[in-house]
Amino acid sequence: MAAEAIVEIRGLTVRYGRLTAVRNLSLDVPKGCVYALLGRNGSGKSSTVRCLLGQRRTSAGTVRVLGLDAWKRRPRVMEKTGVVPERPDIPPETTAERLARFMVRVTPRWRSSEFFGRLEGFGIPRRQKFGELSKGQQRQMALALALAASPQFLVLDDPTLGLDAVARRELFEELIGDLSDHGTTVFLTTHDLAGIEGIADRVGILKNGSLLVDEGLESLKSRFCRLTLAGGNNTGVEDLDEGLRHLGAISKHGTAGAFEVVVQEFSEVGFGRFRDEVPVEVERVDSLPLEEIFIALCGQNGGRQ
């Protein structure tokens, strides 16, 4: 396993009959990192998470968590792993007090004071049945439950699904607070791309089961830009196309006289050469938020396969 890596995935392939959900996926999650795995529905995120948690055997490749084979050593892995599933599986008749009494008996690293402290912060009564809580409160209780077990590794499977804007923000703020206090390593999937920009260290983007991107968030955002260009009507078209190709153009909108281009290989050196050699005026260069990068890569014709 790579030094200081909590997760090491090598050549992961997952098949369901003739359908290949994940193709030859390899990635590492360093200790203390918040790794966000993104993708459209059906991209292979859930299959990857199931293999990560030892819930499904790989069709090919290996998945190691905390130095252990996630499938063969699942009980040992789960002793140190917290999980907030896409749909919390806490029994609807259970209260927080009952959960705490149960966890004290089965989890050596359980911290009841931290569990109830988080619930109090969320405004969740100790004696209210889980099934009577709102969706947001159910997710918050699931997060409090996972964190109170002092996990070395935390898996969040689309934890903000179905939550309103306030509940999403509260959940992520609580996660940020815990990370700063304990340095927990986190692997999460989510559709809330704006919400994770403030907490993700590293991002993976899946498309049709293949990993398009696996890099630091700041590095990713530094190389994706939108260029607003003017000119180049009938002259230098070949030079323009060649220059845009070197910048990794992946989308182009507008007319020949005024258009916008999203590029995925922006650099100061490359951009300077483009500006000197291509007969167009560069009106603006804008960085892209993660959501727009995701759309550019995972839209119908976006990205590189």
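**Exercise 1. With which side chain does the side chain of E8 make a polar contact?**

Solution. This is a predicted model, so read each value as computed from it.
- Step 1: Locate the residue. E8 sits in strand β1, which covers residues 5-16.
- Step 2: Check its surroundings. The relative accessible area of E8 is 13%. Buried means under 20%, so E8 is buried.
- Step 3: Name the partner. The side chain of E8 makes a polar contact with the side chain of R10, at 3.3 Å.

**Exercise 2. Find the salt bridge between R223 and E215, and decide whether each residue is buried or exposed.**

Solution. 
- Step 1: Take the distance. The two side chains meet at 2.6 Å, N to O.
- Step 2: Apply the cut-off. A salt bridge needs a nitrogen and an oxygen within 4 Å, and the R223 and E215 pair is a salt bridge.
- Step 3: Judge burial. R223 has 13% relative accessibility and counts as buried. E215 has 13% too, and counts as buried.
- Step 4: Look for networks. Salt bridges with shared partners join E8, R10 and D28 into one network.

**Exercise 3. Which parts of the chain does the pair of K129 and E93 link?**

Solution. 
- Step 1: Confirm the pair. K129 forms a salt bridge with E93, and their closest N and O atoms are 2.9 Å apart.
- Step 2: K129 lies in the loop between α4 (112-122) and α5 (135-148). E93 lies in the loop between β6 (81-84) and α3 (96-106).
- Step 3: Take the separation. The two are 36 residues apart, and the pair links distant parts of the chain.
- Step 4: K129 is partly exposed at 32%, and E93 is partly exposed at 47%.
- Step 5: The structure holds 17 salt bridges.

**Exercise 4. Describe how strands β9 and β10 pair.**

Solution. 
- Step 1: Find the strands. β9 spans residues 202-207 and β10 spans residues 210-216.
- Step 2: The strands run antiparallel, joined by six bridges.
- Step 3: Pick one bridge. R202 has G216 in β10 as its partner.
- Step 4: Inspect the turn. Two residues separate the strands of this hairpin, and N208 in the turn has a positive phi of about 55°.

**Exercise 5. How many residues has the largest nonpolar core?**

Solution. 
- Step 1: Give the size. This core has 38 residues, and L38, I196 and L297 have the most contacts inside it.
- Step 2: Find the top contributor. Helix α11 (residues 290-298) gives the most to this core, with six residues.
- Step 3: Look elsewhere. Apart from this core lies another, of 26 residues, including L25, V49, L68 and F187.

Conventions: Residues are numbered from 1 along each chain as its sequence is written. This is a predicted model: local features need pLDDT of at least 70, side-chain atom pairs count only at pLDDT 80 or more; totals for chains, interfaces and linings use all residues. Side-chain values use heavy atoms; hydrogens and water are left out. Two strands pair if DSSP finds at least two bridges between them. Helices (H or I, at least four residues) and strands (E, at least two) are DSSP runs, numbered from the N terminus. Buried means under 20% relative accessible area, exposed over 50%, partly exposed in between (1.4 Å probe, protein chains only). A polar contact is a pair of N or O atoms within 3.5 Å; within protein, one must be able to donate a hydrogen and the other to accept it, and residues adjacent in sequence count only if both atoms are side-chain atoms. A nonpolar core is a set of buried Ala, Val, Leu, Ile, Met, Phe, Trp, Tyr and Cys residues joined through side-chain atoms within 4.5 Å.
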